[in-house]
Amino acid sequence: MPTAKVVFATITGNNEDCADIITDALEDQGIEVDESEISQTDANELKNYDMIVIVPYTYDEGALPEEGLDFFEDLQHLDLTGKTFSVAGSGDVFYEEFFCVAVDAFSKALEQTGATHAAENVKINLAPESEEDLKKLDQLANDLVKNTIHE
Ligand SMILES: Cc1cc2nc3c(=O)[nH]c(=O)nc-3n(C[C@H](O)[C@H](O)[C@H](O)COP(=O)(O)O)c2cc1C
């Protein structure tokens, strides 16, 4: 059975909600998913899964989650060739050019590991509540599975 690791960072719960939606959508497709909080996750664990999804919040005008900095640093030393990934995140459009920049930073770091960017990243404004938000997160999961299984 194909496997996925979903790693989230959250303060007020929005990114955990996004991660839960992605996890449910992956499980609906028969994927065995392990979801965990970023400070409780060793980046080396990513080597054990077929698919990787990171779901970070963005803080302080473009900052990465503080409790995820070790994970981010370790990620940059990994070779994840053969894995597929995507990144989702909730931020706040109020922060304009800094909206969800942690999503871009994690995406770039994962690209540099040699993993394949197999589904378009998703940026959500605050809580994932609208029909459109749910559709985008489901689409991420569907594309990730489609582009992993068929590789
Ligand atoms: C002090 C502060 C700074 C923030 N800075 C940013 C930012 O630079 N970019 C962004 O997109 N969102 C920013 N946000 C908004 C949060 O990322 C947003 O509320 C997000 O949904 C929080 O996710 P969480 O519920 O998983 O903690 C900021 C929020 C606070 C309180």
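Among contacts in the chain (pairs of residues whose C-beta atoms, placed from the backbone, lie within 7 Å) between residues at least 6 apart in sequence, 80% join residues at least 24 apart. The model is predicted, with local features requiring pLDDT of at least 70 and side-chain atom pairs counted only at pLDDT 80 or more, whereas totals for chains, interfaces and linings use all residues. Residues are numbered from 1 along each chain as its sequence is written.

The secondary structure comprises four helices and six strands, taken as DSSP runs numbered from the N terminus (helices H or I, at least four residues; strands E, at least two), and follows the pattern β-α-β-β-α-β-α-β-β-α along the sequence. The radius of gyration, taken over C-alpha atoms, is 14 Å, close to the 15 Å given for 151 residues by the globule rule (2.2 Å times the number of residues to the power 0.38), so the chain is as compact as a globular protein of that length.

Buried residues, defined by 20 or more other C-beta atoms within 10 Å of their own C-beta atom, with these atoms placed from the backbone, make up 44% of the 151 residues. Leaving aside neighbours within four places in sequence, Val6 is in contact with Ala19, Ile22, Thr23, Val33, Glu35, Val53 and Val55.

Key. Contact = placed C-beta atoms within 7 Å. Buried ≥ 20, exposed ≤ 12 C-beta atoms within 10 Å, placed from the backbone.
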